[in-house]
Amino acid sequence: MSKLPAVLASVPFPVIGSPLFIISNPKTVIAQCIAGIVGSMPSLNARPVSQLDEWLAEITEALAAHNKAHPDNPAAPYAINQIVHKSNDRLEEDMALCVKYKVPIIITSLGAREEINQAAHSYGGVVLHDIINNKFAHKAIEKGADGLVAVAAGAGGHAGVKSPFALVQEIRQWFDGPLALSGSISSGSAILAALAMGADFAYIGSAFIATDEARAAQEYKQSIVDSNSDDIVLSSLFTGVHGNYLAPSIRNAGMDPDNLPESDPSKMDFAGDKTKAWKDIWGCGQGIGAITKVQSTADLVAQFKREFAEAKATLMA
């Protein structure tokens, strides 16, 4: 068993809804937490910074109200994702707001900085850091992260290239703390598989794009329902880091998904206007073949729970 801090040990169902750039918002976070999984969003989804203050207040108040009304069925904790990259000139301001609201979980991406971990620890917060290989995992823990999000091959958005079997196996040889696994997880049976491999949580993003609460165009949601892994393209063009995207959205933008030029990390710009150029390029992971309809977050999590229980029962039969 992993050593989990109290805030993570309290999560009713072992899933973290991954922070979805542009898409995640207070509605998605609140719905995920009430459904019993960790809800999250990137701080940069709130623009300007003052909106993040408003959103954190909204989430804090909504979850407190739910817990007061349902003491026997409290909501899961929530998380805020911080892009720890030099292009993010809002990082210090956004992190100050996380400290103000004592955000339970901070998810850091694209860089590990000790001062961010220290800021979270100042009020008892827990930090999970995105990594794509064992080398970065070591660095994250050395710099003070409490846990890891192993981003394996097939994940939506900024994806890794390692097999989840290899990545989790290597991390568990030396790390017994909190570990979430990301990459093509879109069913209850896949959640169970993640736990069997050694992860504490499944880290799921693409499936939640196709939910009622997600701030995504209806065409985006329907494209996920209509597509499968053959429709996913891995490219560095759009942010400077390799990520997985829906081929139909690339075609709709007037580009050939089979002949995209390469970019480089120096082109990354998560806080500035360049991100607007790619708002119609739809990030998505390879697991979408399991997504067959657009539904509420509550119904999707309930589906995951049923599938998880069925898969577990089958193994034990």
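Against which strands and which helix do the buried residues of α8 pack? In this predicted model, local features need a pLDDT of at least 70 and side-chain atom pairs count only at pLDDT 80 or more, whereas totals for chains, interfaces and linings use all residues. Residues are numbered from 1 along each chain as its sequence is written, and side-chain values use heavy atoms, with hydrogens and water left out. The average pLDDT (the predictor's confidence in each residue, from 0 to 100) is 92 for the protein, and 95% of the residues score at least 70. Over residues 271-277 pLDDT stays under 50.

Helices (H or I, at least four residues) and strands (E, at least two) are DSSP runs numbered from the N terminus. Helix α8 covers residues 188-197, of which G188, A190, I191, L192 and A194 are buried, that is, under 20% relative accessible area with a 1.4 Å probe and protein chains only. These buried residues pack against β1 (15-17), β8 (179-182), β9 (201-204) and α12 (297-316). G198, which follows α8, has a positive phi near 125°.

Eight strands make up an open sheet with parallel pairing, in the order β1-β9-β8-β6-β5-β4-β3-β2. Because β1 and β2 (39-42) stand at the edges with a single partner strand each, one side of each is left without a neighbour in the sheet. Neighbouring strands are turned against each other by 25° on average, direction ignored. Strands are taken as paired if DSSP finds at least two bridges between them. β1 and β9 run parallel and are joined by three bridges; I16 stands opposite Y203 in β9. Helix α3 (residues 49-69) lies across β2 and β3 (78-83), at about 160° to β3.

The axes of helix α2 (residues 26-35) and α12 cross at roughly 35° and come within 9 Å. Axes are lines fitted to C-alpha atoms, for helices over the stretch in contact, and angles run from 0 to 180 degrees between N-to-C directions. In contact (heavy atoms within 4.5 Å), A31, Q32 and A35 of α2 meet T297, A298, V301 and K305 of α12. The residues of this contact divide into four nonpolar, two polar and one charged.

Strand β11 (residues 243-246) has G243 and Y245 pointing one way and N244 and L246 the other way, and all are buried. Strand β7 (residues 157-158) runs antiparallel to β11 and is joined to β11 by two bridges, with G157 opposite N244. Strand β10 (residues 232-235) also pairs with β11 in the antiparallel sense, over four bridges; S235 has G243 as its bridge partner.

How values were computed: Buried < 20%, exposed > 50% of the residue type's maximum accessible area, 1.4 Å probe, protein only. Nonpolar A, V, L, I, M, F, W, Y, C, P; charged D, E, K, R; others polar.
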